[in-house]
Amino acid sequence: MTPAETPETNGNGDTKGTSVIVNAIAVLRTFSADEPLLGVTEIANRIGLHKSTVSRILATFEQEHLVERDPETRRFRLGLGLIAVAGPLLAELEERRVAYPVLRELTEQTGETSALMVWNGTESICVEQIASHHKIKHTTPLGASYKDAMSSSIQVFLSAEPAERVRTLLRSGAITYPGLDDTSLEAYQIRLKDVTRRGWAINYGESSIDEVGVAAPVYDHRGDIVAAILIPAPRFRVSQDRLQNLGEACAAAAHRVTTRLGGRAPGGTSNRRQN
């Protein structure tokens, strides 16, 4: 018997002769589409482990973003950190499958890179991308994450967060905003309201002087933002007039993905005029 297969003898009452690795896998496998949120006691009862063992496993997973804690119920759900260690599983991400043909059309229409971004609570993560055909273009590796407050996809995701949550993320540095003070924080929250009103966010060389980004939200059937469509482009190719066109194209693409997912924007205002 190898060390990884040695039965646990940690004094916590676990009688299951198994390895730490198998225990960790068992914890992950308790989550399902029907039951995405689970507490420590529920997991422990289902897999026959002591609550302290499950709690330690979950604490490690949370540090690595493999699980995340629901802020209201304090129960756990699978985290987007799994994407970083399981690239092939991206093909099973519904938003990615649904968005892929729309992204291809968007890149063909605009000539710029298009990407699908998802949110893990503190970062915007790229899970799909169609690169521009131009020699000079902006692309990003799949799985790359961003936390700059001026990033257009970050603006989209934060526009759906409560104001107090936004303040906490910025003041703690979880979302970066150099030189943040009360005045700039208030201005940023007004900016997020403009994102909601307009239907898409703008980053005109604010996080990188050479890059422009526009992003628009993708909604699920509950009206919650589950992803963002992003168009990053070199700034020299994007005049203010073209910025408006890119934003409208991005919003229209996000609406198409929302529709394909069976989703809806809050209030039923999901960019009808764009389609």
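How exposed is Arg74? Arg74 is partly exposed, with a relative accessible area of 48%; partly exposed lies between buried, under 20% relative accessible area, and exposed, over 50% (1.4 Å probe, protein chains only). The model shown is predicted, so that local features need pLDDT of at least 70 and side-chain atom pairs count only at pLDDT 80 or more, while totals for chains, interfaces and linings use all residues. Residues are numbered from 1 along each chain as its sequence is written, and side-chain values use heavy atoms, with hydrogens and water left out.

View 1. Arg74 belongs to the loop between β1 and β2 (76–78). Helices (H or I, at least four residues) and strands (E, at least two) are DSSP runs, numbered from the N terminus. The relative accessible area of His65 is 39%, which makes His65 partly exposed.

**View 2. Helices α5 and α9 cross at roughly 160°**. The axes of α5 (residues 94–110) and α9 (residues 240–260) come within 9 Å; axes are lines fitted to C-alpha atoms, for helices over the stretch in contact, and angles run from 0 to 180 degrees between N-to-C directions. The two helices are therefore roughly antiparallel, a term for angles over 145 degrees. Among the residues that make the contact are Val98, Ala99 and Leu106 of α5 and Leu246, Ala253 and Val257 of α9; contact means heavy atoms within 4.5 Å.

**View 3. The largest nonpolar core has 30 residues**. A nonpolar core is a set of buried Ala, Val, Leu, Ile, Met, Phe, Trp, Tyr and Cys residues joined through side-chain atoms within 4.5 Å. Leu116, Val214, Val218, Ile229 and Val257 touch the most other members. At least two residues each come from α5, β3 (114–119), β4 (124–130), β7 (211–219), β8 (225–234) and α9, and α9 gives the most, with eight residues.

**View 4. Leu116 has contacts beyond its neighbours within four places in sequence**. With those neighbours left aside, the residues in contact with Leu116 include Glu95, Ala99, Leu103, Ile125, Val127 and Ile229. A second, separate core of 22 residues includes Cys126, Ala149, Leu170 and Ala228.

Note on methods. Angles under 35 degrees count as roughly parallel, over 145 as roughly antiparallel, 65 to 115 as roughly perpendicular and the rest as oblique.
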